[in-house]
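Notebook open, sequence and model on the screen.

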Amino acid sequence: MNSFQPPRRILMGPGPSEVSPRVLAALARPTIGHLDPAFQDLMEEIKAGLSRLMNAPGYACVPLPAPGTAGMEAAIMNLLQPGERAVIAVNGAFGGRMADMAGRAGAVAVVVDHEWGQPVDAARVEAALAEAPAKVLAFVHAETSTGVRSDAAALCAAARRHGALSVVDCVTSLGGIVVDAAAWDADVIYSGTQKCLSAPPGLSPIALSPRAQAAIAARTEKPRNWLLDFQLLMSYWGGDGGRTYHHTAPINALYGLHEGLVALFEEGQQAAIVRHARTHEALAAGIEALGLEFLVAPQHRLPQLNTVRVPRGIDEAAVRAKVLADWDLEIGAGLGPLKGQVWRIGLMGASATPWHVRLCLTALAAALADQGLAVDARAGLAAADRRLAA
Ligand code: PLP
């Protein structure tokens, strides 16, 4: 065996996104014990940082030791007991995953299905909640498979009106658009580190409201998973130290998350959100000037995940292969019904810069020209630059 040297890559897919150099440097610092007093201080800072990031005062905020799916699984498995009713809004791949998990928890999953590319329809969800009492309403705030944003405030409010606990997937939204647990009065919010937080994959920040914690404490049977059993986890993460062993925390990954939070607060959360919006607007202007179209209507688009339709006659996979080979640039493919139909271009975290926008437009124009499509690369770049200068 030889040491692995990753090739140079510019990550503009649906995640992971680029990891900032300062986070990479933090990951390489010496490993210390997970019960070391210095590490316990770091844990407290991370908990406070996550609470600030999600605006979740009074919530239990911890980073779960696995990627975003862990947050989803923790939320579903801890809140739902066999036979309980859960309304799950599905408008893409990740809502579908939630519904699968709810079924595995033994719950009765009532799926409110949507066309891919559309936001969750709050009125249809409310009708499902009104039909019969539900313990949980789960939905995806930023559906990465389609690039659509749903109205989290309206959906959480619908859950409250019907006495359901809201579970909000913020894997792609956190750090890129507004996530506000307190304003939404949300019950569980979870995310991942590899999208807009500029850290590598492997951790899932989660926030649980006092209502969610009370519902978990009132369970009549233990959750069926051990690692993500919230009560057990909090014996390690809860309180202010004096922890008991539960699992060995991914120590260096937590250094990375901590550094990502420090960097984000230095930039300013609002400034980071504005940066995502500006780079998206520039990319969208450039994409349209190249004669390409978005899948999603402007008012529902996610700045951090841009879904661009593949023009007729163009080989979708060949374009991705070409930009990777010629420009070291990774963009994403479509999933499910969108396979072969779209590219998914991420502008997340450290990948949301004007430089990334220009690189992507240049590479895409060259790959399309290579397949014989007449695109005006200069017009694409000029349109993006005009937007950035505005
Ligand atoms: N939810 C959404 C919206 C996602 O985009 C993803 C991953 O892309 C996940 C959940 C799952 O996260 P992970 O792949 O980190 O387990």
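First, my rule for a polar contact: a pair of N or O atoms within 3.5 Å; within protein, one must be able to donate a hydrogen and the other to accept it, and residues adjacent in sequence count only if both atoms are side-chain atoms. This is a predicted model, so I take local features only at pLDDT of at least 70 and side-chain atom pairs only at pLDDT 80 or more, while totals for chains, interfaces and linings use all residues. Residues are numbered from 1 along each chain as its sequence is written, and side-chain values use heavy atoms, with hydrogens and water left out.

**Entry 1: Asn78**

I started with the rule above and looked up Asn78. A polar atom of the Asn78 side chain lies 2.8 Å from the backbone oxygen of Leu228. The side chain also reaches the backbone oxygen of Ala74, at 2.7 Å. Asn78 lies in helix α3; I use DSSP runs for elements, numbered from the N terminus, with helices (H or I) of at least four residues and strands (E) of at least two.

Is Asn78 buried or exposed? Asn78 counts as buried because its relative accessibility is 2%. My cut-offs are under 20% relative accessible area for buried, over 50% for exposed and partly exposed in between, with a 1.4 Å probe and protein chains only.

For contacts I use heavy atoms within 4.5 Å. Leaving aside neighbours within four places in sequence, I find Asn78 in contact with Glu73, Ile216, Arg219, Pro223, Leu228, Asp229 and Phe230. I also noted a C-alpha separation of 35 Å between Asn78 and Val274, which are 196 residues apart along the chain.

**Entry 2: the ligand site**

Which residues come nearest to the ligand? Of the 14 residues around the ligand, they are Thr69, Thr144, Asp169, Gln194 and Lys195. To be near, a residue needs one of its heavy atoms within 4 Å.

I then checked the polar pairs. A polar side-chain atom of Thr144 is 2.4 Å from a ligand oxygen atom. For Gln194 the corresponding distance to an oxygen atom of the ligand is 2.7 Å, and an N or O atom in the side chain of Lys195 is 2.6 Å from a ligand oxygen. The ligand has 380 Å² of accessible area on its own, and the protein covers 87% of that; the areas come from the Shrake-Rupley method with a 1.4 Å probe.

Which elements give two or more residues to the shell? They are α3 (68-79) and α4 (93-104). Helix α3 gives the most, with three residues. By type, I count six nonpolar, five polar and three charged residues in the shell. Here Ala, Val, Leu, Ile, Met, Phe, Trp, Tyr, Cys and Pro are nonpolar, Asp, Glu, Lys and Arg are charged, and the others, Gly among them, are polar.

Gln194 sits in the loop between β9 (188-190) and β10 (204-208). With a relative accessible area of 11%, Gln194 is buried. Not counting residues up to four places away in sequence, Gln194 touches Gly15, Pro16, Ser17, Ala199, Pro200 and Pro201.

I looked at two of those partners again: the peptide bond from Gly15 to Pro16 is cis, with omega near 5 degrees. Pro16 lies in the loop between β1 (10-11) and α1 (21-27).

**Entry 3: the cores**

How many residues does the largest nonpolar core have? It has 87, and those with the most contacts inside it are Phe39, Val167, Val168, Trp184, Ile189 and Leu254. I define such a core as a set of buried Ala, Val, Leu, Ile, Met, Phe, Trp, Tyr and Cys residues joined through side-chain atoms within 4.5 Å. A second, separate core has 32 residues, including Ala282, Ile287, Val357 and Leu388.

Asn55 is not a glycine, yet its phi is positive at about 45 degrees. Asn55 is in the loop between α2 (37-53) and β2 (60-64) and counts as partly exposed at 32% relative accessibility. Asp328 also has a positive phi, near 60 degrees. I place Asp328 in the loop between α12 (316-327) and β12 (329-330), where it is buried at 16%.

Last, Gly117 lies in the loop between β4 (108-113) and α5 (122-131). Gly117 and His300 are 183 residues apart in sequence but 8.9 Å apart in space, C-alpha to C-alpha.
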